[in-house]
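Look at the model chain by chain before turning to the places where its parts meet.

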Amino acid sequence: MGAARVTTGPEVPGERLARPAPSGERIDASAIGAVRRAARRRRVSVVVVGAGLAAAIALAALSFGAAGVTPDRVISVLLGGGERIDRFVVFDLRLPRILAALVVGVAFALAGAVFQSTLRNPLASPDILGISAGASLGAVWAILGIGAGGAIVAGSAFGGGLVVAIVIWLAAWRQGLHGVRFVLVGVGMAYLCGSVVAWLLARAEVREAQTALHWTVGSVADVRGDELWLLVVGTAACGVVLVFLTRALRPLALGDDHARALGVRTDAARVALLVVAVALVAFATSVAGPIAFVALIAPAVARRLVGRGGAAVGAAAVVGGVLTLGADVAGQFAIPGFTAPLGVVTGVIGAPYLLWLLARTERTRA
Amino acid sequence: MNAASVSAEASPIAAPATRIGVGRRPASGGPPPRARRAALVLIGSAIALLVVVAASLALGVRAIDAAEVWQALVRPDLTDPDQAVVVQLRIPRTVIGLAAGVALGLAGTLIQGVTRNPIADPGLLGINAGASLAVVLCISLLGVTAPLGFIWFAFAGATAAAAVVFAIGGAQPVRLALVGAALTALLTPLIALVLLRDTEAFNQYRFWAVGSLTGRDLSTVAALWPFLAVGVVLAATLAHRLDLLALGDDVASALGQRVGITRAVAGLALVLLCGTAVALAGPIALVGLVVPHAARRLIGSDYRRITALAVLLGPIMLLSADVIGRLVVPNSELEAGVVAAFLGAPVLIAIARSRRVAGL
Amino acid sequence: MSSLPVPPPAVVEGLVAEGISLGYDGRRIIDGLDLAIPSGRITAIVGPNACGKSTLLRGLARLHPLEAGRVLLDGSDVSRIPRRDVARRIGVLPQSSIAPDGVRVADLVARGRYPHQGWFGRHSSDDDAVVAEALADTGIADLAERPIEELSGGQRQRVWIAMVLAQQTDLVLLDEPTTFLDVTHQLELLDLLTALNRDRGATVVMVLHELNLAARYADHLVVMSGGRIVAEGDPGSVLTASTVRDAFGLDARVIPDPVSGSPLVVPIGRFHSAADPE
């Protein structure tokens with residue numbers, strides 16, 4: 001040991017740390033706290049503003065429509081009063097659809113945020129990974145192949161999404177679950193299912209094919225009753241599980257080596273996160289169809305609103321809910337006499353916003 | 001964005017890959033084994049392509065013997081129904097398959113090289129969606145019904161989409177892919193909206209959307225070959241630059257490459273190639289995605305070799321899909337687009353499972 | 001923590017590898033290697049490219065699964081200890097790191113607190129104090145609020161090291177920590193690790209490229225070649241001309257470092273010899 005020990009001369013180690021470092025100063029713990037709190041303020045304000053926006057849109061949506069119910073009457077109905085006809089319009093006609101739109105958006109956005117951060121690929125979303133395409137294939141097959149409707153279509157969609165997820169899983173698993181493998185196989189499955197859907201649509205009678213096409217676009221117009229409860233309970237359950245799991249996303253974002261060194265069981269964490277994400281997509285898709293690209297766009301928007309390299313899972317959920325709710329309302333009322341299904345509007349509203357955000361971040365960075 | 005571009009790749013696999021095999025090259029004389037292997041793969045693929053072309057001319061729903069096919073090639077007699085089938089149906093679809101296959105294989109290679117994203121392909125960059133919307137509008141608004149009438153619209157739609165993607169996406173790989181996905185997200189529902197309201201247009205469009213080599217004749221190739229040719233030449237000049245790009249923008253510019261110009265030229269080549277492919281055969285999935293991965297797996301990471309092999313593998317895959325589609329269902333045909341997806345998916349899974357998946 | 005069925009000899013303190021084998025995709029890089037890391041010392045692992053030194057570190061750090069053998073921490077098999085508990089004892093700086101887009105320095109360093117936090121990952125003011133100290137120790141306190149993309153390569157490397165320091169472990173493993181750093185920053189970093197070792201008694205294990213720095217800063221030098229350890233011990237006795245020739249295939253003279261007295265490897269090369277030493 002001697003040789004190395006002779007090195008340092010009279011200097012005392014403690015003093016060497018305090019040397020005039022080129023860029024280093026002492027820093028107060030409170031300054032670190034301030035950085036942390038600034039990030040949290042940003043997160044919380046995105047969530048609060050989003051939630052307020054959602055509430056305002058919901059209130060407006062409860063008042064709009066063929067049977068006009070003024071906002072004050074809506075509020076009195078929500079508080080337990082109001083006239084019977086108003087109660088019927090609000091609770092039976094409009095609230096289910098609003099709730100469905102909101103929850104579907106939350107479910108897709110949560111799933112997308114988890115997919116993207118777990119797989120470390122900003123393009124990873126159920127649309128691109130083939131899970132939505134699998135659900136579409138299941139539904140289109142049920143509609144065109146066996147002439148089914150209603151719950152059978154929903155069940156078949158659920159099954160289709162799940163089967164694709166399992167196939168991706170089995171194919172991508174090799175000494176652990178690797179992100180690139182998962183994404184690559186998923187993209188392949190998306191194209192495969194998409195091709196079969198296109199082929200089924202081309203083979204079928206044209207009117208039936210159009211019905212099937214309508215399903216693949218996605219809509220919440222007819223979601224109510226048991227389907228709605230399944231959606232709400234399923235999404236809530238997954239959300240609760242995610243609260244415990246998302247913590248692992250912070251170290252996972254630094255790469256597998258860092259995550260392992262920080263004590264994350266990377267494969268187990270990834271598997272658990274992806275299972276929840278797949279479940280969210282399966283619930284939402286079976287009920288409402290593959291609402292296009294909410295899962296891709298909402299997390300990307302949320303990350304840019306929150307900034308600072310977080311996975312922004314909570315913010316994504318809020319952005320997703322606002323996006324789908326706003327889109328559904330816009331689809332019904334934006335152009336008088338013209339309604340568009342939710343899946344059309346989400347893409348038409350969400351995509352330009354994402355494009356604008358991308359264009360803007362480029363400018364500010366440059 | 002630098003960080004994100006790393007994240008889109010596979011840093012955890014890349015690390016061991018760089019560790020393995022450094023400084024362990026056998027010091028023997030003669031051509032290095034890799035070069036010999038590459039030559040063998042290229043020759044083998046060329047032979048495979050010839051076989052597939054021959055099969056495409058000889059096989060089909062209508063059984064025609066080889067002598068008759070040969071006759072149709074060298075001295076066609078159109079009054080003979082068999083020879084007429086060869087000349088009027090099989091030769092055109094073979095030529096279209098060759099052209100579209102070359103375009104797709106090269107386009108996929110270029111996109112993956114430029115974006116450094118292993119899942120990039122013409123579908124993901126919004127190019128197919130752009131072409132599809134243009135075709136839908138041309139059916140719905142202008143009442144065009146023949147696939148021949150679609151080609152310029154498909155070409156224009158693909159070009160416009162690619163231009164938008166490159167204009168907003170700029171030079172950054174991840175941003176480029178995100179913009180492409182966002183554009184697809186914008187256009188796909190618009191297409192659906194038109195189709196849900198216009199049953200007649202849907203009826204036309206759905207056959208185009210499957211992706212097929214039939215229903216077109218050689219005039220499509222005659223009209224589009226200059227674009228394809230320019231695209232191929234540009235892609236050929238880009239191949240060795242992609243090798244440098246694969247090392248990262250910084251290394252590439254340090255080695256004297258003007259990264260921006262490379263990307264711009266690649267963008268132009270992509271527009272030409274994707275536009276040609278989608279105009280010829282409709283939106284064919286998976287060929288552009290699988291071919292570069294398969295080529296990389298077979299021949300290593302040198303982009304010049306990958307590009308050369310992609311030129312062969314693209315048409316091999318598309319034409320064999322077309323031939324298989326003629327044979328699997330008795331007295332009927334499956335469109336090449338569906339069969340190509342069924343061919344491509346297992347190949348892609350096999351590649352994804354191989355250990356060198358992260359070779360981008 | 002010693003839940004093992006009591007190994008017969010006395011429990012060895014610190015980190016010990018017993019007959020470990022590991023590799024990539026069936027290709028063994030290291031086969032049946034034994035190594036005891038001396039506790040409370042600085043150990044440097046050196047060797048030519050592809051000799052398996054990083055692989056060894058990854059095996060010790062539990063970043064890479066072992067095909068055979070085991071790694072013991074204070075006598076108990078590391079693979080049987082919950083990962084989080086290991087992460088509170090062993091900090092690792094791997095070669096490949098990914099910084100999420102837009103992340104601030106303080107936030108990134110704070111992620112080193114992960115193994116110390118509860119289920120919901122809430123930061124406490126204690127965490128803030130640790131992060132502040134790690135930033136100050138690495139000389140990047142004034143960068144705390146900067147996004148990581150704006151930093152130079154050397155600054156980034158120090159951010160990652162600050163993250164490992166924030167993990168507050170008594171064992172720190174680093175895979176080529178001086179890559180990307182200029183000479184000044186290399187020395188600063190190694191001084192920092194020395195201080196960590198002397199002030200806090202931390203055990204430091206690092207893979208280093210630079211032989212002379214390794215010889216100067218290490219108490220214990222491990223020389224590897226072809227997946228095995230060719231020499232190990234006090235740098236003064238280990239680093240001889242013959243060891244360098246065996247491990248690196250390099251002809252060199254070894255003289256005492258005029259500053260530290262540690263061995264200084266002066267490679268000979270094909271040209272530039274002023275006079276034949278004999």
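What follows describes selected features of chains A, B and C in that order of scale.

The model is predicted: local features need pLDDT of at least 70, side-chain atom pairs count only at pLDDT 80 or more, and totals for chains, interfaces and linings use all residues. Residues are numbered from 1 along each chain as its sequence is written, and chains are lettered from A and ligands numbered from 1 in the order in which they are written.

Chain A has 17 helices and 0 strands; helices (H or I, at least four residues) and strands (E, at least two) are DSSP runs, numbered from the N terminus. Of its 366 residues, 57% are buried, a residue being buried if 20 or more other C-beta atoms, placed from the backbone, lie within 10 Å of its own. Among the contacts in chain A with a separation of 6 or more, 74% join residues 24 or more positions apart. Two residues are in contact if their C-beta atoms, placed from the backbone, lie within 7 Å.

Chain C does contain strands. Strand β1(C), residues 15–24, pairs in the antiparallel sense with β2(C), residues 27–36, over 6 bridges; strands pair if DSSP finds at least two bridges between them. Val16(C) has Ala36(C) of β2(C) as its bridge partner. The hairpin of these strands has 2 residues between them, and Asp25(C) there takes a positive phi near 50°. β1(C) also pairs in the antiparallel sense with β4(C), residues 68–73, over 5 bridges, and Ala17(C) stands opposite Val71(C).

Contact residues include His293(B) and Arg297(B) of α13(B) and Gly344(B) of α15(B).

Between chains, 59 residues from chain C meet 43 residues from chain A. On the side of chain C, α4(C) gives the largest share, 8 residues.

Technical notes:
A residue is buried if 20 or more other C-beta atoms lie within 10 Å of its own, exposed if 12 or fewer, and partly exposed in between; C-beta atoms are placed from the backbone.
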